[in-house]
Amino acid sequence: MTSTIENLAKKLKIRDWAEKDIEASELGWYPGHEQPEDPLRWGQRFPDGAKETLQNTQMRRNLGYATDKIRTKRNTRVDEMPDWEALREAGSNIKRNTVARWPELLEQFEANVTARGGIVHWARDAKEANEIAYSIIKQKQVDEVVKVKSMATQEINLNEYLSERGVQAWETDLAEMIVQLADDMPSHIVVPAIHRNRAEVKAIFEARMGDAPENMGNEPRELAMAARAHLRKKFLSAKVAISGANMGIAESGTLAIFESEGNGRMCLTLPETLITIMGIEKLVPSYEDIEVFSQLLPRSATGERMNPYTSFWTGVTPGDGPQEFHLILMDNGRTDVLADPVGREALKCIRCGACMNICPVYRHVGGHAYNSVYPGPIGAILTSQLLGSFDHNDPASTLPFASSLCGACYDACPVKIDIPTILVHLRHRYTEANRGGIPSVWDVGMGATSKIMGKGKAMEVAGKALHPARVIGGPRRRIGHIPLPLAKDWTFVRDVPAPPAQSFREWWNDREGEK
């Protein structure tokens with residue numbers, strides 16, 4: 001086993017693996033006009049992004065409507081499954097087992113892909129992944145490629161990297177195409193254009209598509225047919241395609257994509273060369289594991305019993321499909337996430353987006369506020385870890401605080417990622433990493449509060465001292481804006497309940513005294 005780990009560490013160039021414990025403006029293009037060099041680092045903190053997106057009332061209406069629909073469908077499909085909780089437990093255990101056996105499973109996967117005619121490349125980070133993909137495209141002497149939706153390629157900013165070198169990458173997923181035409185950024189893992197309504201989509205097509213039909217309406221069918229005609233030309237002319245993968249199966253070297261439109265199947269079968277970029281956490285040990293995820297993923301992602309299109313491919317088959325297949329296995333921070341015994345649970349994510357559809361924070365501010373390719377609750381725990389962002393000067397370090405800790409995301413997660421616990425853990429890491437220096441108002445306030453809350457007698461005295469404040473609450477027993485440093489921001493948008501007439505300790509003493 002040690003030799004296996006050392007071999008994998010050498011390929012990934014990772015030190016000490018064994019020690020890691022296992023319009024146009026009127027359309028309202030979202031302000032992200034200039035794509036960042038690294039889409040995981042936008043340079044804007046979550047609170048600032050949230051303030052900006054909260055002002056976009058149309059976006060909030062679009063988001064609320066869409067997430068309500070998806071959540072309702074998801075609940076209906078889950079209620080049909082008497083063994084849903086058992087499936088969740090199985091999915092969680094499969095992913096946890098995979099991460100524990102990463103080195104041997106990755107080597108098994110590589111061997112099986114190679115044995116079936118594929119070419120495997122190892123990428124330590126985004127730079128290496130982009131360089132490998134571009135070198136293959138350059139060798140094929142093409143200036144256009146088609147893509148099937150891939151979070152991994154968005155994570156490494158592949159489209160922009162290729163564009164700078166004269167290669168146009170065409171997104172073929174309908175929602176991704178909308179986002180690309182609008183010079184926008186995705187707002188959701190599964191439904192990237194969830195923040196757009198059909199009137200906006202019509203305007204985007206007319207302004208940016210180039211071959212939109214005249215007198216096109218805004219009915220979904222008309223928009224879909226326009227996109228289909230536009231994309232068909234791309235599919236038929238493309239020599240190279242780039243894909244992601246929902247799963248890679250170690251025992252056979254097979255890869256899988258779950259999608260809803262058929263664009264994946266077109267990308268995976270028509271071009272002569274296929275390049276797949278896959279994060280190493282997408283691995284599963286065996287074909288049997290697919291049974292579990294093929295039930296969990298569609299129900300959680302889109303509220304469907306099964307995906308309309310589920311495609312599998314294994315290496316190269318002479319005379320059938322792409323005759324050259326390249327697989328880029330990408331780390332890009334994932335092994336650093338593995339080093340954290342608590343945070344590593346985020347690697348179980350199957351990118352269904354269920355946590356976003358239920359999250360009260362995401363549903364109000366939208367995906368752009370997170371300033372990362374991974375928004376919502378999963379982005380809050382994954383992005384900061386992939387980047388190692390815990391310094392207060394790093395904008396991504398604010399993401400673990402983008403949550404109310406209500407726990408709804410954990411209940412919705414099909415692989416039982418305990419997102420609230422990880423959020424608290426990452427907040428602790430942030431606090432520990434930023435100790436020292438001049439204490440902030442929060443530091444002083446929390447320090448003083450801990451002195452009181454740390455002793456029972458002090459809590460009892462403090463409870464009695466608060467009784468007079470009950471009068472301030474008036475008949476409604478609510479206290480409005482409090483102009484104190486620690487309270488002004490909180491009470492600016494919330495009322496604080498007035499202190500009760502009797503504290504719990506007083507009630508308990510009275511109750512015990514009556515016995």
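Glu89 is partly exposed, because its relative accessibility is 33%. The model it belongs to is a predicted one. Glu89 meets Lys416 in a salt bridge, with 2.7 Å from N to O. Glu89 sits in helix H4 (residues 84-100), while Lys416 lies in the loop between helix H18 (408-412) and helix H19 (419-433), so the pair ties together parts 327 residues apart in sequence. The salt bridges number 30 by the rule used here.

One joins Arg351 and Glu281, whose closest N and O atoms are 2.9 Å apart. This pair links distant parts of the chain, 70 residues apart. Arg351 is in the loop between helix H14 (334-338) and helix H15 (354-358), and Glu281 is in the loop between strand S7 (273-279) and strand S8 (283-284). Both residues are buried. Through shared partners, salt bridges join Glu155, Glu281, Arg334 and Arg351 into one network.

The other pair is Asp184 and Arg196, with the closest N and O atoms 3.0 Å apart. Both lie in the loop between H9 and H10, so the bridge ties together parts that are 12 residues apart in sequence. Asp184 and Arg196 are buried.

The loop between H9 and H10 also holds His188. His188 counts as buried because its relative accessible area is 1%. Its side chain makes a polar contact of 2.9 Å with the side chain of Asn357. A polar atom of the His188 side chain also lies 3.0 Å from the backbone nitrogen of Val190. Beyond four places away in sequence, His188 touches Ile194, Gly353, Met356, Asn357, Tyr362 and Pro375.

Next comes helix H10 (residues 198-208). At its start, a side-chain oxygen of Asn197 reaches to within 3.2 Å of the backbone nitrogen of Ala199. Within H10, Glu200, Val201, Ala203, Ile204 and Phe205 are buried. An α-helix has 3.6 residues a turn, so residues three or four places apart point the same way. The buried residues of H10 pack against helix H3 (57-79), helix H9 (174-181) and helix H11 (220-237). Gly210 follows the helix, with a positive phi near 95°.

Which members of the largest nonpolar core touch the most other members? They are Phe46, Phe109, Phe205, Ile381 and Ile417, out of 105 residues in that core. Phe109 shows the packing in detail. Leaving aside residues up to four places away in sequence, Phe109 touches Gly248, Ile249, Ala250, Gly253, Thr254, Leu255, Met278, Leu283, Leu327 and Leu329.

Now to the surface. Ile452, Met453 and Met459 make a nonpolar patch of about 270 Å². Met453 lies in helix H20 (residues 441-453). It counts as exposed because its relative accessibility is 57%, and the cut-off for exposed is over 50%.

Arg477 lies in the loop between helix H21 (456-465) and strand S11 (478-479). Is Arg477 exposed, partly exposed or buried? At 36% relative accessibility, Arg477 is partly exposed. Its side chain reaches the backbone oxygen of Gly474 at 2.9 Å. Arg477 also touches Arg470, Val496, Pro497 and Ala498, not counting residues up to four places away in sequence. Of these, Val496 is 19 residues from Arg477 in sequence and 8.7 Å away in space, C-alpha to C-alpha.

Definitions and conventions
Residues are numbered from 1 along each chain as its sequence is written. This is a predicted model: local features need pLDDT of at least 70, side-chain atom pairs count only at pLDDT 80 or more; totals for chains, interfaces and linings use all residues. Side-chain values use heavy atoms; hydrogens and water are left out. Patches are made of residues with over 30% relative accessible area and no salt bridge: like charges are joined within 9 Å, nonpolar side chains (Val, Leu, Ile, Met, Phe, Trp, Tyr) within 5 Å. Accessible areas come from the Shrake-Rupley method with a 1.4 Å probe; for residues, only the protein chains shown count as cover. A salt bridge is a side-chain nitrogen of Lys or Arg within 4 Å of a carboxyl oxygen of Asp or Glu. Helices (H or I, at least four residues) and strands (E, at least two) are DSSP runs, numbered from the N terminus. Buried means under 20% relative accessible area, exposed over 50%, partly exposed in between (1.4 Å probe, protein chains only). A nonpolar core is a set of buried Ala, Val, Leu, Ile, Met, Phe, Trp, Tyr and Cys residues joined through side-chain atoms within 4.5 Å. Contact means heavy atoms within 4.5 Å. A polar contact is a pair of N or O atoms within 3.5 Å; within protein, one must be able to donate a hydrogen and the other to accept it, and residues adjacent in sequence count only if both atoms are side-chain atoms.
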